[in-house]
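Dear colleague,

I am handing over the structure below, and after it you will find my notes on what turned up. Please have it open while you read.

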Amino acid sequence: MRNLQNFNLWDLRLLKLVKKSVLVVLIVLGFLSCKKEDNILYPQNDRTIQITDKILIDNGERVKDSYFSYQHYDDFLNYLSGSDHFLIVQLKDFKKTHSTDKVVLALRYDIDEDINAAVKLAYRENKHGIRSTYFVLHTANYYGTFDGRSFIRNNDIIYYLKKIQDDYGHEIGFHNDLVTLQLMYGIPPKKYLKDELEYLRGNNLNIVGTTYHGSQYCYIYHYYNAYFWYEYPNNGWNYEYITKGFKTIKIEKDSLPNYNFEYEGGLLDQDYFFADCNFIKGKRWNMSMVDLDTIKPGKKVIILLHPANWD
């Protein structure tokens, strides 16, 4: 009887130990499943994108959002490239392109603060044979830094933009933050723009288009960077003058042809404009919110995306 009791006691202890071990395993597995965003996913090829011998971009993604992920984006590109419903053009060709049997569609990307994400999107578009337009922001940290008097350009930016243009076949445009330069930093925008275009075009970037950037200062001082252009209409904010503190500053203006610009993105005529900077019922716009197949042939559509939202 004593031996049997000892056996039962040992068996009970062993059972408790097994239960504790199973519980620990389940907790660990549950924790790992909750941390799935730390699992980096890569395309079948090209785990890294080489910009130069010294500059490499990790081409993976951490899936944090079911809509704003490269997987969802890749599905969208696959849908576009496999459809006969669309004629996909770059913005430089948008105005002059018309169709009676297809929807004319242009994909526009305002790079803003994330050049790496822009390269990763450009890579994925290229895999689907899609060509689009990327606007480089000249006040972004990747482009240069402000030393108190002027912006010091980061010359590596050329390699990123050449990768997007030459290797992936996309158009590069100029993302205008010129009124901000004048207002916030006292930099003469006309000379600055002339110098930067000479630099960019001198490095064989084929820049023919521009579009204005919605800087945070635009909402503080109520202006559009598009007000730099005479061609842009007065749409209700401070079109001629901006009040900053006790100063009233007159906005410097010029004309698009003086810089060999063929278009301003905000002045292009389209029937539909969708943008991931807009919110619908509290949710950021994404491609799942519209059925592009319902748009009738002959219509013209621009879709604006910001690479930082997708990485």
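How much space lies in the largest cavity? Before the answer, please keep in mind that this is a predicted model. The largest cavity holds about 40 Å³ of space, and the structure has one cavity of 30 Å³ or more. Its lining is made up of V179, Q182, L183, I242, I249, K250 and I251, and the elements that give two or more residues to that lining are α6 (178-185) and β13 (247-250). Of these, α6 supplies the largest share, which is three residues. Sorted by class, the lining of the largest cavity has five nonpolar residues, one polar residue and one charged residue.

The other part to look at is strand β10, which covers residues 171-176. Six of its six residues are buried, so the strand is largely enclosed by the rest of the structure. In a regular strand, side chains alternate between the two faces of the sheet.

Strand β7 (residues 133-137) runs parallel to β10 and is joined to it by five bridges, with L137 standing opposite H175. Strand β11 (residues 209-212) pairs with β10 in the parallel sense over three bridges, and in β11 the bridge partner of H175 is T211.

Best wishes

Terms used: Residues numbered from 1 in each chain as written. Predicted model: local features only at pLDDT ≥ 70, side-chain atom pairs only at ≥ 80, totals over all residues. Heavy atoms only, no water. Buried < 20%, exposed > 50% of the residue type's maximum accessible area, 1.4 Å probe, protein only. Helix = DSSP H or I, 4+ residues; strand = E, 2+ residues; numbered from the N terminus. Pairing = 2+ DSSP bridges. 1 Å grid on protein atoms, 1.4 Å probe; cavity = no way out; pocket = protein on both sides within 12 Å on 5 of 7 lines; lining within 4 Å. Points joined across faces, edges and corners; volume = space filled by probe spheres on them. Nonpolar A, V, L, I, M, F, W, Y, C, P; charged D, E, K, R; others polar.
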